[in-house]
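Work through the two exercises below with the sequence and the model at hand. Each task is followed by a stepwise solution.

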Amino acid sequence: MARVLTVTLNPALDLTVRLPSLRLGEVNRSDSLQAHAAGKGLNVAQVLADLGHQLTVTGFLGEGNPQAFEQLFAARGFADEFVRVAGDTRSNLKLAEADGRVTDINGPGLAVSEAQRDELLARLERLVPDHDLVVVAGSLPRGIEVQWFVELLQRLKRLGARVALDTSGAALREGLAATPWLIKPNEEELGEARGVALDDSSAIAAEARRLQAEGIAHVVVSQGSHGVSWFSPSAALHANPPRVRVVSTVGAGDSLLAGMLHGLLEGWPAERTLTHATAIAAQAVGQVGFGITDTAQLAELEAAIRLQPLSQ
């Protein structure tokens, strides 16, 4: 199995509140409250660990409340290379209703200093040569400018890393210029970053071709309940997911990314890679938390997925 380094610049303690329905301006009573050490890179890392890969995790972590994260690292066997920052890692509140709708209230993130940015870059210089892939995922905390983020991506490439990028907004828009090896936006995020309307499959395919011409090998576009489209150097495929009972959509995209990376790292055929990844994402929406929880169910989900070729 592969050695994978994940970079999570803005991790979070996810507090997921499950309730029948959210009534604004009223007292709401929850069915449950669960806390998870999270952040997009860490979510990807948990699924990759379940798939057998060795994980090193880095980024910025608050000194004030590291316990849940350190417990996760120990339980999962992650090598902890996070730079500690004064203050608390942010908390994100997820209000998950019975019909699958999730309302996110995300905290602002840590304030990162120049010295801490330099410390992360030094760690990456040391770590990258020993890893097969680097995943950079999630939003930017305070103190991280978009230009510094682009320079980070460029430095990873100079170190010889294959970079998988999953972010949004200005970080995605400017990060595309660093031509990562793989990107995984959803259709709204990609449309916003490129300044185009991606309102049908032909528009998505055209934009993916432009990105590939600019040097991005793999363009994975998640489309929620409508599935996922993957444009690789050798194939263009769309996967239609099976119908599942939605508990929470939190982490579904991260699970999809992990599944895609697993298939690519293992050298699987495109069809097997996309089917497996889509099944992992489908399983993720039926649970709270991250990881592959039921391999028998995963196999059933895979059998229900349908692929179709896309024009390139």
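**Exercise 1.** Determine the handedness with which helix 1 passes helix 2, and the angle at which they pack.

*Solution.* Step 1: the crossing of helix 1 with helix 2 is left-handed (the near helix is turned anticlockwise from the far one by less than a right angle; clockwise would be right-handed).
Step 2: the contact (heavy atoms within 4.5 Å) involves L42, Q46, A49 and D50 from helix 1, and F69, L72, F73 and R76 from helix 2.
Step 3: these residues comprise five nonpolar, one polar and two charged.
Step 4: the axes of helix 1 (residues 40-50) and helix 2 (residues 67-76) lie 11 Å apart, at an angle of about 20 degrees.
Step 5: the two helices are therefore roughly parallel (angles under 35 degrees).

The model is predicted; local features need pLDDT of at least 70, side-chain atom pairs pLDDT 80 or more, while totals for chains, interfaces and linings use all residues. Residues are numbered from 1 along each chain as its sequence is written, and side-chain values use heavy atoms, without hydrogens and water.

**Exercise 2.** Classify the two aromatic pairs of the structure (ring centres within 6.5 Å; planes under 30 degrees apart are stacked, over 60 edge-to-face, the rest tilted).

*Solution.* Step 1: F73 and F78 have centres 6.4 Å apart and planes at 40 degrees, a tilted pair.
Step 2: for F73 and F82 the centres are 5.6 Å apart and the planes at 10 degrees, so this pair is stacked.
Step 3: F73, F78 and F82 form one aromatic cluster.
Step 4: F73 has 3% relative accessibility and therefore counts as buried (under 20% relative accessible area, with a 1.4 Å probe and protein chains only).
Step 5: F82, at 2%, is buried, and F78 is buried as well.

Conventions:
Axes fitted to C-alpha atoms, helices over the stretch in contact; angles between N-to-C directions. Helix = DSSP H or I, 4+ residues; strand = E, 2+ residues; numbered from the N terminus. Parallel < 35°, antiparallel > 145°, perpendicular 65-115°, else oblique. Nonpolar A, V, L, I, M, F, W, Y, C, P; charged D, E, K, R; others polar. Phe/Tyr/Trp six-rings, centres within 6.5 Å; stacked < 30°, edge-to-face > 60°. Buried < 20%, exposed > 50% of the residue type's maximum accessible area, 1.4 Å probe, protein only.
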